[in-house]
Structures are given as C-alpha cells and as structure tokens.
There are 2 protein chains.
Amino acid sequence: MTTEEIRKEDENFMRKALIEAQKAFEEGEIPIGAIIVCKGRIISRAHNLTETLNDVTAHAEMQAITAAANTLGGKYLKDCTLYVTIEPCTMCAGAIGWAQIPRIVYGASEEKRGYRKYAPQAMHPKSSTTCGILEDECKELMQRFFQHRR
Amino acid sequence: MTTEEIRKEDENFMRKALIEAQKAFEEGEIPIGAIIVCKGRIISRAHNLTETLNDVTAHAEMQAITAAANTLGGKYLKDCTLYVTIEPCTMCAGAIGWAQIPRIVYGASEEKRGYRKYAPQAMHPKSSTTCGILEDECKELMQRFFQHRR
C-alpha cells in the first residue's frame with residue numbers, strides 16, 4: 001500500500017471508532033471509542049463504559065482487547081491494529097503492551113492523562129504508533145462532551 | 001495503631017492475598033493474588049486468570065478493583081487498601097490510579113515488568129506504597145511456578 005492508501009484506510013477505520021465514541025457520548029460516557037482490526041477485518045468494537053459499569057477499568061481499549069482475544073481464541077493480538085479516538089492512558093497502554101498489539105492508531109492526544117506523559121515505554125518495544133488521524137473530529141467530540149457538562 | 005500493629009495487620013491481609021496466589025498456582029496461572037480491604041473488612045479477593053480467561057487484562061489487581069467497585073456501588077475506592085503479592089505492572093498501576101486507591105501494599109518487587117520501572121508516577125499522587133510484606137513467601141511462590149514450567 002502507498003502512504004496515501006494507508007492514510008485512507010486509517011481514516012476509514014477511525015470513522016468506525018468515532019461511531020463507537022458517539023455511542024458513548026449519547027450514553028453520558030466520556031466519548032472515546034475503539035476498534036481492533038485483524039487482516040483488514042474489524043474483530044471488536046467498544047466504547048467507554050466506566051459510568052454505566054461503575055468500573056474504572058471499563059475503558060474502550062480494555063474492552064476491545066478482551067473482546068478481540070475472545071474472537072480470536074488467543075490472548076496475543078499480534079496481527080492486529082488498534083484504532084482509538086483518543087490517546088490511551090497508562091492503564092490501556094499497559095494492556096496494549098501485554099497484548100503485543102503491533103500497531104496503534106489514535107486520533108487526538110490527551111496531554112493530561114495520556115500514556116506518553118507517564119509511561120511512554122508501556123507498549124511493546126516493537127509496536128508502532130500513528131497519531132492525528134481524524135484528530136479534529138475526535139477532539140471535537142470530547143470538547144462538546146465537557147462543555148455539555150459544565 | 002503503632003507501626004508494629006500496622007505491620008501485623010499488613011501481614012495478616014497479605015496472607016489472604018497469598019491464599020489467592022496459591023489458587024492461581026494450582027490452576028496453572030502465574031501465581032499472583034490480590035485483596036482489597038475497606039475499613040478493616042475484605043471486600044474483594046482475586047487471582048490472576050489470564051490463561052483461563054484468555055485475556056491479558058485479567059490480572060489479580062484488575063479483577064479485585066472491578067469486584068470491589070461492585071461491592072461498594074461506586075467506582076472510586078478512596079477508603080481502601082489494595083494488597084497484592086507482587087509489584088503491580090504498568091496496566092494495574094494505571095487502574096489503581098484511576099480508582100484513587102490511597103494505599104497499596106505489595107509483597108515482592110517485579111524488576112522486569114513492575115510499574116516502578118516504566119510508570120513510577122502512574123498511581124494517584126496522594127497514594128502511599130508499602131513493599132516487602134511477606135516478601136519471601138510471595139517471591140518463593142513465583143520462583144516455584146517458573147521452575148515447574150521449565
């Protein structure tokens with residue numbers, strides 16, 4: 001694939017993650033969505049459910065990882081790409097590292113709670129990260145959510 | 001409580017976490033156990049289940065946090081102490097931080113995958129950490145497990 005084709009594909013998959021984030025928004029959850037893609041196919045979709053489940057561990061990425069492992073029947077997600085609308089936190093980066101996900105694509109950075117501040121080496125040393133895919137849409141949904149709340 | 005009384009209480013609760021770790025051992029899981037104590041009462045017990053559940057996120061601490069929040073009916077564990085036999089990893093430290101657990105007690109250090117190497121500031125800034133409680137027993141169970149496997 002050319003760089004342009006990869007970008008197009010990343011945007012397509014990020015749009016699916018954004019649909020998940022929108023669901024979270026409508027449920028009164030911090031609007032973050034994630035999907036996991038294996039060989040061109042979406043194998044899990046999830047959105048943040050910390051309020052609904054009363055559980056700080058119910059981030060979109062955590063649920064997407066658990067669901068993907070279920071689908072594949074193995075806990076290592078070596079042929080997968082994780083798309084998430086917002087930069088993962090330390091907890092999620094740690095989980096992404098354990099799952100050995102080789103490629104992570106996220107929309108917008110999270111300056112306060114993102115893994116890059118507290119645990120920049122949490123992911124697998126061989127994994128690659130792409131950021132800034134549909135950044136404005138991903139960020140705008142978060143801003144709209146927090147404006148709503150005030 | 002005096003320092004000696006705190007130490008005694010920590011050892012008593014760590015023994016309960018060790019019982020959980022022993023269960024993991026018997027199930028062929030990396031033998032790590034955790035309990036969460038709220039105002040002197042154990043509100044959750046868990047052991048590592050990553051193999052059984054085929055899920056990298058099923059660490060003892062993660063399950064203990066989810067179960068404790070269920071018991072309390074709230075996701076912040078502000079009056080709780082987490083006891084875990086081995087130093088938490090980055091993922092678990094992140095979860096402990098989100099749950100705002102103010103006190104963490106662990107048995108033995110984990111040089112390779114412990115949070116202190118990759119994410120020393122993952123926990124809540126106001127939380128305190130005590131280590132080395134029943135260290136030898138906690139470590140010995142791990143060593144026995146990995147010797148078994150070779």
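How much area is buried between chain B and chain A, and what percentage of that area do carbon and sulfur atoms give? In this predicted model, the area buried between the two chains is about 2,300 Å², and carbon and sulfur atoms give 65% of it. The legends below take up this interface and then turn to close-up views within chain A.

**View 1. The contact between chain B and chain A draws on 27 residues from chain B and 27 residues from chain A.** On the side of chain B, the residues that lose the most area to chain A are B:Val56, B:Lys75 and B:Trp98, which together make up 31% of what that side buries. The size of an interface is often expressed in this way, as the accessible area lost when the parts come together.

View 2. Counting residue pairs in polar contact between chain B and chain A, with both residues at pLDDT 80 or more, gives ten. Helices α2 (60-72) and α3 (90-98) of chain B each supply at least two residues of the side that touches chain A, and α3(B) gives the most to that side, with five residues. Sorted by class, the side of chain B that touches chain A holds 13 nonpolar, ten polar and four charged residues.

View 3. A:His59 itself is placed in the loop between α2 (50-53) and α3 (60-72) of chain A.

**View 4. Residues 8-118 of chain A are listed by UniProt, in an unreviewed entry, as "domain: CMP/dCMP-type deaminase".** The C-alpha atoms at the ends of this span lie 31 Å apart, and the span is 44% helix and 23% strand.

**View 5. A:Gly132 sits in the loop between β5 (128-131) and α6 (135-149) of chain A.** When its neighbours within four places in sequence are left aside, A:Gly132 is in contact with A:Arg7, A:Tyr106 and A:Gly107. A:Gly132 and A:Tyr106 are 26 residues apart in sequence, while their C-alpha atoms are 6.5 Å apart in space.

**View 6. A:Glu11 and A:Arg7 form a salt bridge, with the closest N and O atoms 3.3 Å apart.** Both A:Glu11 and A:Arg7 lie in helix α1 (residues 3-26) of chain A, where they are four residues apart, about one turn of the helix. A search of the whole structure, over all chains, finds 16 salt bridges.

Definitions and conventions:
Residues numbered from 1 in each chain as written. Chains lettered and ligands numbered in written order. Predicted model: local features only at pLDDT ≥ 70, side-chain atom pairs only at ≥ 80, totals over all residues. Heavy atoms only, no water. Contact = heavy atoms within 4.5 Å. Buried area = accessible area lost by both parts, 1.4 Å probe. Polar contact = N/O pair within 3.5 Å; in protein donor to acceptor, adjacent residues only side chain to side chain. Nonpolar A, V, L, I, M, F, W, Y, C, P; charged D, E, K, R; others polar. UniProt positions renumbered as here; feature names shortened; annotations may be inferred. Salt bridge = Lys/Arg side-chain N within 4 Å of Asp/Glu carboxyl O.
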